[in-house]
Amino acid sequence: MERIAALGRFTIFSARVGWRVLTPWWEVQETARHTWLIATRCLLPVTAVVFPFGMVMALQGLEIFEIFGAQRLLSSLVSVAVFRELSPVLASVLVAAQGGSAFAAELGAMRIKEELDATEIMAIDSLRTHVVPRVLATVIATPILNLIGSIAGIGGGFFTAVCLKGETAGVYWGNIWALTHSSDVFGGLFKTTVFGVLIGLIATYQGYYATGGAAGVGKAVNDTVVISVTAFVIANYFLTSALFGAIQ
Amino acid sequence: MNALAEFGRFGLFVATFARASATHPPPVRRSIEEAYRIGVLSLPILLIISAFVGTNLALQGYNAFAPLGGQRLVGMFVALAGVRELAPMMVASMVAAKAGTEMASQIAVMRIREQIDALEVMAINPHWFLITPRFIGILLVLPPLTVISIFTLTVSSYLVSTLQLGLNGAEFLAYFTDTTEPMDLVYCMIKAFFFGIIICLVSCFYGFNSKSGPNGVGEATNASVVVSAVSCALLNYLMSEILFSGRGL
């Protein structure tokens, strides 16, 4: 029962935030500041996670392709996997873990210290000033980080294939676009935009309604990561089926 | 410079923890309680994530190999990418996100409420009292969680391959069992074991060194999940290279 009530509260919260996103005025400067903050904070974790995943992908891919003698297609496999799945999902996991949880912690601390109440008392809409910029920042930053992550993943594949396993560099770069289409890149960007909306709303919701002192803030941060990761992994299945589908 | 100093502090923390665990009797009962809690906390989310990663793996493998006429190889792809790499990594990131953050925030709250100082005043070693049970607990529970995750992932990718993509189920299983062997389960459990060490130590470290106030707890929780996910991803590559490379198929 409580979960259903929470889901309803979340829906109302999302609708209120959505209404404020669509109607003026917007906190442009605040949004830019949060976008910059989240992008710079997530940059290193995203590259540091996607790069080794590209390396692993190349390591295992080489084993499969050696059966066919088709090692030259390795970079195509790496780039399809990175653009469609690996980079969108991993970048979003790290945005949730680093950016989303930071937003939940900030808003939660504001709620506990009654700063949000103070904002409301001064007749300032706290959703407009504190929540909307953070949601927009997540939505803007996630696709950008996804692109950077894709480049890191392909670089990781290059590192394993060429520097460690002695494949030819020219063949690797030449075949990157053999199976990948621009629709894969845009599909990945679209997916990360949706994931960004989910992360932004869930993080700000958890922070905005945090209760119970310092422990409550910790719980809000914890729940943010877990719930948003679950939400977008489930969304990912349906988005992949819809966007990339099975080519019959 | 700052990161280097942090790394040094982490080393000291691990050394203190190791000495405390070695010189005190192991807390058997509390370790089992922690193991139970970590397992129960992480299991539902892990099942959901494993199932959906499995579905995507099948879709992805199908899309990657269909242009080459190799749709039949989805089973092999799931075995290589899913069983060897994704399942242990997923377990690590989910346990880091669920149990790790909880460890960090619990210990951080104890730190800012000065309960850790109170333990020291009562001549109870806080490293032994707080970290050792969590450490043993996570090590006990991570390998079985990995096996469960591998099973869920395989079943869901089998279902997607046969029901959504219309592949032959027997062929999927044949390629799957050709590519994996029982030893792979052991290797994955070894991976998970090392991930557990990292997650527990990193989370407890950030909890122990939390700054005061609700901000401090939030920051500690935040840092713990990011640092443990990044270090697990790096370690994963090294361990794949050591455990699986050169073994062929």
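How many of the 27 residues of helix 7 of chain A are buried? The count is 19, and this helix is therefore described as mostly covered, given that a residue is buried when its relative accessible area is under 20%. The model discussed here is a predicted one.

**Helix 7 of chain A**
- Helix 7 of chain A comprises residues 182–208.

**Nonpolar cores**
- The largest nonpolar core contains 124 residues.
- The residues with the most contacts inside this core are A:Tyr172, A:Val229 and A:Phe232 from chain A, together with B:Ile49, B:Val95, B:Ile131 and B:Ile138 from chain B.
- Helix 3 of chain B (residues 74–112) provides the largest share of this core, namely 24 residues.
- A second, separate core has 15 residues, among them A:Leu107, A:Leu127, A:Val135 and A:Tyr208.
- B:Ile138, listed above for its contacts in the largest core, touches B:Ile38, B:Val95, B:Met103, B:Gly196, B:Ile199 and B:Cys200 when residues up to four places away in sequence are not counted.

**B:Ser31**
- B:Ser31 lies in helix 2 of chain B, which covers residues 28–65.
- The relative accessible area of B:Ser31 is 3%, so this residue falls under the 20% limit and counts as buried.
- With neighbours within four places in sequence left aside, B:Ser31 is in contact with B:Pro133, B:Ile136 and B:Gly137.

**Chain B: fold and dimensions**
- Chain B has eight helices and zero strands, and its elements accordingly read α-α-α-α-α-α-α-α from the N terminus on.
- The C-alpha trace of chain B spans about 70 × 35 × 35 Å along its principal axes.
- Among the contacts in chain B that link residues at least 6 apart in sequence, 86% join residues at least 24 apart.

- Chain B has 249 residues, of which 57% count as buried.
- The chain exposes about 10000 Å², and 69% of this area is supplied by carbon and sulfur atoms.

Notes:
Residues are numbered from 1 along each chain as its sequence is written. Chains are lettered from A and ligands numbered from 1 in the order in which they are written. This is a predicted model: local features need pLDDT of at least 70, side-chain atom pairs count only at pLDDT 80 or more; totals for chains, interfaces and linings use all residues. Side-chain values use heavy atoms; hydrogens and water are left out. A nonpolar core is a set of buried Ala, Val, Leu, Ile, Met, Phe, Trp, Tyr and Cys residues joined through side-chain atoms within 4.5 Å. Buried means under 20% relative accessible area, exposed over 50%, partly exposed in between (1.4 Å probe, protein chains only). Helices (H or I, at least four residues) and strands (E, at least two) are DSSP runs, numbered from the N terminus. Contact means heavy atoms within 4.5 Å. Accessible areas come from the Shrake-Rupley method with a 1.4 Å probe; for residues, only the protein chains shown count as cover. The expected span of a helix is 1.5 Å times one less than its number of residues.
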